[in-house]
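Trainee: Hi! Could you walk me through this one, piece by piece?

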Amino acid sequence: MNASRRLWVTEVGPEGGAVVVLVHGSMDRASGMRGVARRLEDEFRVVLYDRRGYGRSRSVGGPYGIATQVDDLVEVLQGRPAVVFGHSLGGDIALAAAGRPDLVRAVGAYEPPMPWEPWWPTGTAGGEVVRLAEVGGPEATAAAASMFMRRMIGDARWERLPQSTRADREAEGAALVGELADLRKRPPFDPDRITVPVLLAYGERGARHHHDGARVLAERFEVGGPQPRAELVEVPGAEHGIHFQQPAAFADLVRRLVAMAAVTEP
């Protein structure tokens, strides 16, 4: 189903069910969330989409900044209030969209990067992408995408991919560079302006900076405060790629967020 005029969108599950939108991260696409969606589609109306510049939405050009990504998410919702859960940079987009409580009933973010913070390490894959693009200019986006994928899946696995697949992924470099460069400039969301329930999550086996980021966000969202509107969850055994490695655990996070939304509704 192509629910958006521009982006590739698909929906599964009962049409009358609560709407859940899963937002993928950098150099990913809707297909990366299929395993999670399969575990939720009997309960909810699950919406997946390829973000601009990726997969079947690659033809949708820039700008690739977070504000534009939020506009895209609003377009995908088509006026339907939904629970929105994002993975990695998709979590930043989801949190930014939560400034629209008329559409976002509750928001979840799994290990959202925070490169605007001065303590965020510069040697991450995202940081290397931005540096490579700054040095190499616009023509360096393909190399940036290749480098990012090598960091994510390893050199051997990248080299085993068909040349056509590698070329497709390298063509997504413009989106990768654009969104990561924009994310470094300023926080894309203000916790004080998010009034809907928030679920923050990180993996037990995730990188140290993602652990630190989750705890910083937990403080800013006042997790454990006298009037809690947010929860922080550590997923046992999980790494950054939880949606591939432990889709059932990711689906459980989504269910938990839906329950949080139901409790706070009038």
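Trainee: How many bridges join β6 to β7, and are the two parallel or antiparallel?

Mentor: Six bridges link β6 with strand β7 (residues 230-235), and the two run parallel. Strands pair if DSSP finds at least two bridges between them. In this pair, Leu 199 stands opposite Glu 231 in β7. Keep in mind that this is a predicted model, where local features need pLDDT of at least 70 and side-chain atom pairs count only at pLDDT 80 or more, while totals for chains, interfaces and linings use all residues. Residues are numbered from 1 along each chain as its sequence is written, and side-chain values use heavy atoms, with hydrogens and water left out.

Trainee: And which residue stands opposite Leu 200 in β6?

Mentor: That is Ala 109. Strand β5 (residues 104-110) is joined to β6 by four bridges, again running parallel. The strand and helix names come from DSSP runs numbered from the N terminus (helices are H or I, at least four residues; strands are E, at least two).

Trainee: How many residues of β6 are buried?

Mentor: Six of the six residues of β6 (198-203) are buried, so the strand is largely enclosed by the rest of the structure. Buried means under 20% relative accessible area, with exposed over 50% and partly exposed in between (1.4 Å probe, protein chains only). Val 198, Leu 200 and Tyr 202 lie on one side of β6, and Leu 199, Ala 201 and Gly 203 on the other. In a regular strand, side chains alternate between the two faces of the sheet.

Trainee: What about β3, which residues are on each side?

Mentor: Arg 45, Val 47 and Tyr 49 are on one side, Val 46 and Leu 48 on the other, and all are buried. Since five of the five residues of β3 are buried, this strand too is largely enclosed by the rest of the structure.

Trainee: Which way do β1 and β3 run, parallel or antiparallel?

Mentor: Antiparallel, with four bridges between them, and Val 9 sits opposite Tyr 49 in β3. β2 is also joined to β3 by four bridges, but that pair runs parallel. There, Val 20 stands opposite Val 46.

Trainee: New topic: which residues touch the most other members of the largest nonpolar core?

Mentor: Val 21 and Phe 221, out of 56 residues in that core. Helix α3 (residues 89-97) gives the most to this core, with six residues. A nonpolar core is a set of buried Ala, Val, Leu, Ile, Met, Phe, Trp, Tyr and Cys residues joined through side-chain atoms within 4.5 Å.

Trainee: What does Val 21 touch?

Mentor: Leaving out residues up to four places away in sequence, its contacts (heavy atoms within 4.5 Å) include Val 47, Tyr 49, Leu 73 and Val 83. Val 83 is found in strand β4 (residues 82-87) and, at 1% relative accessibility, counts as buried. Among the contacts of Val 83 are Val 19, Val 20, Arg 105 and Leu 257.

Trainee: Can we do helices? How far apart are the end C-alpha atoms of α2?

Mentor: They are 17 Å apart, which agrees with the 16 Å that its twelve residues (66-77) should span at 1.5 Å a residue. The expected span is 1.5 Å times one less than the number of residues. Buried residues of α2 include Ile 66, Val 70, Leu 73 and Leu 77, and what covers the buried ones includes β1, β2, β3, β4, α3 and α8.

Trainee: Last one: which residues lie nearest the centre of the largest pocket?

Mentor: Ser 26, Ser 88, Phe 148, Met 152 and His 240, out of 43 residues that line it. α4, α5, α7, α9 and α10 each supply at least two residues of the lining. About 1,100 Å³ of space lies in this pocket. On a 1 Å grid over the protein atoms alone, a pocket is an open set of points where a 1.4 Å probe fits, with protein on both sides within 12 Å along at least five of seven lines, and lining residues have an atom within 4 Å of a point.

How values were computed:
Points joined across faces, edges and corners; volume = space filled by probe spheres on them.
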